[in-house]
Each structure stands twice: as C-alpha cells, then as structure tokens.
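Biologist: I have a model on screen and some questions about how to read it. Can we go through them in turn?

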Amino acid sequence: MTTQSGQRRAPKAAKTSSVFKKVVMAVSGIILVLYLIAHMIGNLKAFSGREDFNHYSEWLRTIGNPALPGATVLWIIRIVLLAAVLAHIWAAVSLWRQAKRARPQGYVTRKAVAQSYASRTMRWGGVIIAAFVIWHLLDLTFGAVNSEGHDGSPYDRLLASFQNPVSTIFYAIAVILLGMHLRHGVWSATQTLGQSNRRREVTVNYAATAFATVLTLGFLLTPFSVLFGLID
C-alpha cells in the first residue's frame, strides 16, 4: 500500500517541481528583460554625444549618492542581475534534464517538427549569449579587451569597440540570438504565468515577436551607427 501511494504521489511531485522551475525561469526572465529595456535606452544616449553619454555613465555609478556611498546601488543591481541569470540558467538546465529523463530515447513527433527555430536553439543560444556577456563586460565595462583600456571614457570605449567591424558583427549576431531567445521566452512566460490561452495565443505570439524585434533593433542601432560614422 505504501509503495502504491508513493508511486501515485511521484508524478504530482514531479509536476509541482516542473511548475516551480518554470515560474523561476519566467520571473528571472522578467527581471532580465526589464534590465535589457533600461540598457537599450542607455545605449541610445550615445546619439546625444560624448558629454551626455559620459554623464549618463557616471550617473549609473553614483546612483543613491550621497545617501549611499560610491557605487552601492549599482552593485546591488549587479548582484540582483547575477542572481537572476543563475536562477534562469538553473531552471533551464534542470527542466531540460527533467524532460530528457522523461524521454531517455529521442523520437520525432509532429510537435517537435513544428517547433520554432528559436525554441529549438534556446539552449545553445543561451550559451552563446552568456559568452557574449562576458566578452561585453571585459570590453565596455572593464576595458580589459578594449583598445582604449580601463582609463578611456565610456564614450571612447564605445567608439573603439564598434568601429571594429569584427567586434560589431559579433555583437550583432549575439543580439539577434538574444532577440530570438526573447521572443520565445516572452511567449513561454505568458504561458507559465497563465496570461495566455488558445484564444489569445496568436495575439501573444505577435506581441512577443514585436517586442523582441524592437529591442533587437534598438540594440543594433548604436553599434552600426558607430561603424558607419553616424556617431563619432
């Protein structure tokens, strides 16, 4: 009797665990999306010129002054973002492994064939995006791989990075993958959080695509403007 009861509870426990992980992925994804929106808006300040862009960068490092010393608020934001990234990766990997254990032998179904390209490449796209983020921080935040170095102003590092065609193309590829990741992620989050149903699926899909497209174009505007001399 005990064994049968345990066997009955196992699927329910697995389902509860799966739902929790999807909620973690959705909530952490929302935090990251909000950051991306703010980051895109900040990047567009490059069109205002050197002084305004550098002033914006300095403001980021001194938010909360003088009530809070130095870059306290900025570090709090960084810690929250890091926690969101780690939670997002944990949930994604855990759900993938859980699904793989449930289907140890791969098989082809109509549903798998019908999956979007973004859905099928979410895992590898996430790896590429993670590698890009590390390079991006070393390039523009810390100046470790930037020709202007750490002592160069944020605006000078921006120009030095995106005047290089190879750097700009790498950035563009990562941003496009991010856009695809976002489109599928936004759609999945609405499913997980119960904000979509069959009647609203088409609308949600269009909204997710439009949002991802706007964000992608917003991020690409600055680097290509630098590359083609519109920002100098």
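**Reading the model**

Biologist: What share of the 232 residues is buried?
Modeller: This is a predicted model. A residue is buried when its relative accessible area is under 20%. In the protein chain of 232 residues, the buried share is 34%.

Biologist: What is the mean pLDDT of the protein chain?
Modeller: Of its residues, 81% reach 70 or more. The mean over the protein chain is 83.

Biologist: Which stretch stays under 50 in pLDDT and has zero contacts beyond four places in sequence?
Modeller: Where pLDDT is low, the predicted coordinates should not be read in detail. Residues 107-115 also have pLDDT below 50, but that stretch has four contacts beyond near neighbours in sequence. The stretch with zero such contacts is residues 1-10.

Biologist: How many helices and how many strands are there in the protein chain?
Modeller: From the N terminus on, the elements run α-α-α-α-α-α-α-α-α. The count is nine helices and zero strands.

Biologist: Is His-88 buried or exposed?
Modeller: His-88 sits in helix H3, residues 72-102. Its relative accessible area is 18%. The cut-off for buried is under 20%, so His-88 is buried.

Biologist: Which residue's backbone oxygen does the side chain of His-88 reach?
Modeller: Leaving out residues up to four places away in sequence, His-88 touches Met-25, Ser-28, Gly-29, Leu-32 and His-181. The side chain of His-88 comes to 3.1 Å from one backbone oxygen. That oxygen belongs to Met-25.

Conventions
Residues numbered from 1 in each chain as written. Predicted model: local features only at pLDDT ≥ 70, side-chain atom pairs only at ≥ 80, totals over all residues. Heavy atoms only, no water. pLDDT = per-residue confidence, 0-100. Contact = heavy atoms within 4.5 Å. Helix = DSSP H or I, 4+ residues; strand = E, 2+ residues; numbered from the N terminus. Buried < 20%, exposed > 50% of the residue type's maximum accessible area, 1.4 Å probe, protein only. Polar contact = N/O pair within 3.5 Å; in protein donor to acceptor, adjacent residues only side chain to side chain.
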